[in-house]
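Have the structure open while you read.

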Amino acid sequence: MTGRPGGQRLSVERLTVLYDARCSLCLHLRQWLMKQRQLVPLDLVPAASEEARRRFPGLDHAGTLDEITVIGDRGQIYRGTSAWIACLWALAEHRPRAHWLTTPAGRPFARATVLAAAKYRSLTAAPCGREGGDGACTVPGSEG
C-alpha cells in the first residue's frame, strides 16, 4: 500500500475497520473477517460508537455510517471500495484477490460489489437521525 507522493511505501501494521453495527450484512461480514487468518491485524469497531469517537476524534463519524471506513495505524483512511480492498489485503487467503481488485480489470468488479452492498444496506438498515442532531446513532456498545 502506498500512501505518500512518489509511491513511497508506508508500513501498515494494523487496520481498524469501522462497521455499521445496526446492519445485518455488516455484522455478518464482521464475523467473517474475524474468522479469517489475518496478515495484518484488524480491529473491528462499531462506526460512530464511543470507542470510534475516542480513537479518531477528528473523523466524520456520521460519514462512517454511510460507507465502510478503514483506518491504518499510520493515519491512512480508506473509504468505500478502497476500504473493502484494504480489508481483503489484510487477509492471508484474499491478498492476491485484493491486488487484482486494484487493477483496471478488477476495479469495476470491486465497485459493483460495494454498490450492491450499499443497496442491500439501504433496504435493510434503519437510517440514523440526522435532522437537528449531530448525526450520531445509537449503536451497540455506545453510551449516549
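1. Start with the lining of the largest pocket: by class it has 13 nonpolar, three polar and one charged residues. (Nonpolar means Ala, Val, Leu, Ile, Met, Phe, Trp, Tyr, Cys and Pro; charged means Asp, Glu, Lys and Arg; the others, Gly among them, are polar.) The lining counts 17 residues, and Leu-29, Trp-32, Trp-84, Leu-88 and Thr-113 lie nearest the centre. A pocket here is an open set of points on a 1 Å grid over the protein atoms alone, where a 1.4 Å probe fits, with protein on both sides within 12 Å along at least five of seven lines; lining residues have an atom within 4 Å of a point.

2. A word on ground rules: this is a predicted model, where local features need pLDDT of at least 70 and side-chain atom pairs count only at pLDDT 80 or more, while totals for chains, interfaces and linings use all residues. Residues are numbered from 1 along each chain as its sequence is written, and side-chain values use heavy atoms, with hydrogens and water left out.

3. Back to the largest pocket, whose volume is about 380 Å³. (That is the space filled by probe spheres set on the points, with grid points joined across faces, edges and corners.) At least two lining residues come from each of helix 1 (24-35), helix 4 (80-89), helix 5 (95-101) and helix 6 (107-124). Helices (H or I, at least four residues) and strands (E, at least two) are DSSP runs, numbered from the N terminus.

4. The second largest pocket has a volume of about 330 Å³. Its lining takes in 24 residues, with Cys-26, Glu-67, Ile-68, Trp-84 and Arg-121 nearest the centre. Helix 6 contributes the most, six residues. By class, this lining has 15 nonpolar, three polar and six charged residues.

5. How do helix 4 and helix 6 pack? Their angle is about 105° and their axes are 9 Å apart. (Axes are lines fitted to C-alpha atoms, for helices over the stretch in contact; angles run from 0 to 180 degrees between N-to-C directions.) So helix 4 is roughly perpendicular to helix 6, a label for angles of 65 to 115 degrees. In the contact (heavy atoms within 4.5 Å), helix 4 uses Gly-80, Thr-81, Ser-82, Trp-84 and Ile-85, and helix 6 uses Arg-107, Ala-110, Arg-111 and Val-114.

6. Now the sheet: four strands, open, in the order 2-1-3-4, with mixed pairing. Strand 2 (42-46) and strand 4 (77-79) are at the edges with a single partner strand each, so one side of each has no neighbour in the sheet. Strands 1 and 2 pair in the parallel sense over five bridges; pairing takes at least two DSSP bridges. Leu-15 stands opposite Leu-42 in strand 2.

Methods: Parallel < 35°, antiparallel > 145°, perpendicular 65-115°, else oblique.
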